[in-house]
Amino acid sequence: MISLSDIPVRSRFQVYAPMAVMAAALSTAPWWLPAIGLYQYLGIEIAIWMIFALGFNLLFGYAGLHSFGHGAYLGIGAYAFGLFQQNVAVSLWGGLAAGILAAGLAGAIVGAFISHRRGIYYALLTIAFGQVFWFTSMKLYGVTGGEDGLLGIPRPPLTLFGLEYALRSNVALFYLAAFFLLATVLLMWRLVNSPFGRVLQAIRQNETRARFAGYEVWRFKWAAFVISAMFAGLAGGLFAMAQQSAYPDVMSLHQSGLIVMMVLVGGGLVSFWGPVLGVILYFVARDVLGGLTETWLLWYGMMFMAMVMLRPEGLAGMIHLGWKRLGGASEKPVILLAEKA
Amino acid sequence: MAFFEARNLHKRFGSRVVLENISLAFERGQVSGIMGPNGAGKTTCFHVLTGLHQPDRGEIELEGKSISGLSPQRIATLGVSRSFQIMNLFDDSVVIENVMLALPEFRTRRLSFLGGVFDDTKLVDAATDVLDQVGLAARAWEKATSLSYGERRALEIGVALAARPKILFLDEPTSGLGSEATRNLAALVRRLREHYTIVMIEHDMRFLFELADRISVIHWGQVIAEGTPAELQANKWVRRSALGEAALA
């Protein structure tokens with residue numbers, strides 16, 4: 001199977017072209033989404049899940065740490081956003097900051113417990129902690145609203161340089177989510193290619209060698225978990241705005257499994273863009289395939305199984321290999337950006 | 001006081017004593033060898049000296065300062081580098097990145113979240129210098145797995161050198177190498193000895209006796225003999241041991 005290093009950056013065009021395509025697609029989505037029979041809210045969902053997936057893949061794909069309870073941090077972000085609106089102030093920036101910080105804090109606590117572990121023990125602990133958060137959200141009725149969750153969370157207006165923009169319409173909220181998605185793409189791209197990101201990838205490949213190169217491995221694993229949880233918190237805050245509610249199902253094991261499936265199917269193990277493709281594939285399956293048959297999830301599940309068995313590199317890997325066969329990709333992982341240096 | 005010194009090291013795994021009161025001293029600028037039959041405790045000794053295993057008893061000092069009980073990463077930052085008997089590389093990465101990650105200047109930037117790596121000319125130049133030393137500069141941008149076995153051994157040494165160590169531990173560097181690759185490695189160690197203090201475990205007696213200034217023989221977890229290659233060749237304990245007369249002939 002190919003790896004993240006097999007699809008290296010070969011030119012600045014290859015770095016920025018997909019970002020430009022994404023920016024163009026996002027900025028025009030409110031026009032073309034209805035034109036192809038889809039709806040505005042879908043754009044919001046896709047943008048939110050892309051933020052979640054890109055953050056998750058820092059941990060899953062780049063650091064090689066298999067978290068199967070990451071839905072918890074999406075949920076914590078959603079609850080923190082809602083609680084901030086209902087108990088502190090109706091504020092977009094305050095609510096989103098609360099979502100990011102609450103999820104980051106939860107990630108920091110959980111990360112401190114699990115970062116000395118690896119493999120199956122790490123994975124099981126992430127599930128266990130995820131379930132603790134989910135159970136807490138169900139039972140802490142006075143704070144979380146129990147099984148009903150927090151209802152009637154407002155969509156606070158966007159205030160920028162003294163101007164106020166209402167986010168009540170789905171189109172307006174979509175543009176906000178799209179802005180955060182583009183910011184996430186840029187930030188995550190820098191992060192995975194920074195010294196910190198390269199050390200994370202080194203740890204994924206060989207933890208022992210990383211230790212003997214002088215790196216405190218557990219601290220990097222912890223930091224990756226916290227950063228990833230913070231992006232989940234941002235996605236959660238936007239999710240609460242979109243749904244105008246936060247409820248236990250947001251942080252359930254089902255959501256945790258869904259994000260793993262999206263990232264794997266998209267090719268997060270081999271490409272930066274894998275999570276993005278995975279999210280698109282899932283929502284296309286849900287809304288297009290779902291329009292044809294009620295059993296769409298069964299077909300999606302079967303496709304996931306087939307992908308894992310036959311093409312574990314996912315959609316991004318398949319595109320890369322297809323491109324390579326056509327002679328468009330280098331046989332060797334040559335990094336021209338570095339060669340220019 | 002030796003440059004690197006281990007005194008009365010003791011290590012056991014369950015009921016099995018692997019190292020028993022081992023004392024070793026390595027002088028600055030010398031190539032020191034450790035030899036002994038399989039299962040003698042040589043690699044465990046390396047693991048203890050470099051922090052992978054903690055000793056049950058005993059003291060380890062680098063330049064007169066205790067490094068006993070420190071983590072491998074802490075010991076590495078103090079100037080102790082090592083290679084492994086079983087290849088330990090970042091296989092998915094290109095050759096130059098393997099080296100780059102071990103550079104002290106990279107380590108100081110490890111918490112840089114937004115800076116670049118491959119577009120940093122200083123980092124690239126420093127890593128290329130190291131690759132030049134081990135003869136891999138021409139393969140810098142190829143994936144580590146695309147190297148031959150001998151080249152991967154050289155890369156392992158390159159990764160250890162990149163940390164600019166005060167002392168370099170090489171665990172069976174000729175393991176699995178053919179005669180030509182072994183000759184190349186011997187030439188590399190000869191070049192390195194001018195700049196580094198080197199300690200190596202080795203089964204290839206010809207290789208070891210040719211390069212080492214002093215050799216310690218470990219058997220049953222104890223040092224049974226020590227001396228220069230010439231002294232050991234004259235030592236009847238060593239000649240009689242399972243190391244073999246032929247090897248020393």
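Predicted model: local features only at pLDDT ≥ 70, side-chain atom pairs only at ≥ 80, totals over all residues.
1. Residues are numbered from 1 along each chain as its sequence is written, chains are lettered from A and ligands numbered from 1 in the order in which they are written, and side-chain values use heavy atoms, with hydrogens and water left out.

2. The contact (heavy atoms within 4.5 Å) draws 35 residues from chain A and 39 residues from chain B. Together the chains bury about 3400 Å², 61% of it on carbon and sulfur atoms, buried area being the accessible area (1.4 Å probe) that two parts lose on being put together, summed over both. On the side of chain A, the residues losing the most area to chain B are A:Pro195, A:Arg209 and A:Phe212, which together account for 23% of what that side buries.

3. Between chain A and chain B the count is 3 salt bridges, each defined as a side-chain nitrogen of Lys or Arg within 4 Å of a carboxyl oxygen of Asp or Glu. A:Arg209 forms a salt bridge with B:Glu156, with the closest N and O atoms 3.6 Å apart.

4. Within chain B, B:Lys11 and B:Asp56 form a salt bridge whose closest N and O atoms are 4.0 Å apart. Because B:Lys11 lies in strand S1 (residues 4-13) and B:Asp56 in the loop between helix H1 (42-49) and strand S4 (57-62) of chain B, the pair ties together parts that are 45 residues apart in sequence; helices (H or I, at least four residues) and strands (E, at least two) are DSSP runs, numbered from the N terminus. B:Lys11 counts as buried at 10% relative accessibility, whereas B:Asp56 is partly exposed at 40%, the classes being buried under 20% relative accessible area, exposed over 50% and partly exposed in between (1.4 Å probe, protein chains only).

5. In chain A, A:Ser271 sits in the loop between helix H11 (253-266) and helix H12 (274-292). The side chain of A:Ser271 reaches the backbone nitrogen of A:Trp273 at 3.0 Å, and A:Ser271 counts as buried, with 9% relative accessibility.

How values were computed
Polar contact = N/O pair within 3.5 Å; in protein donor to acceptor, adjacent residues only side chain to side chain.
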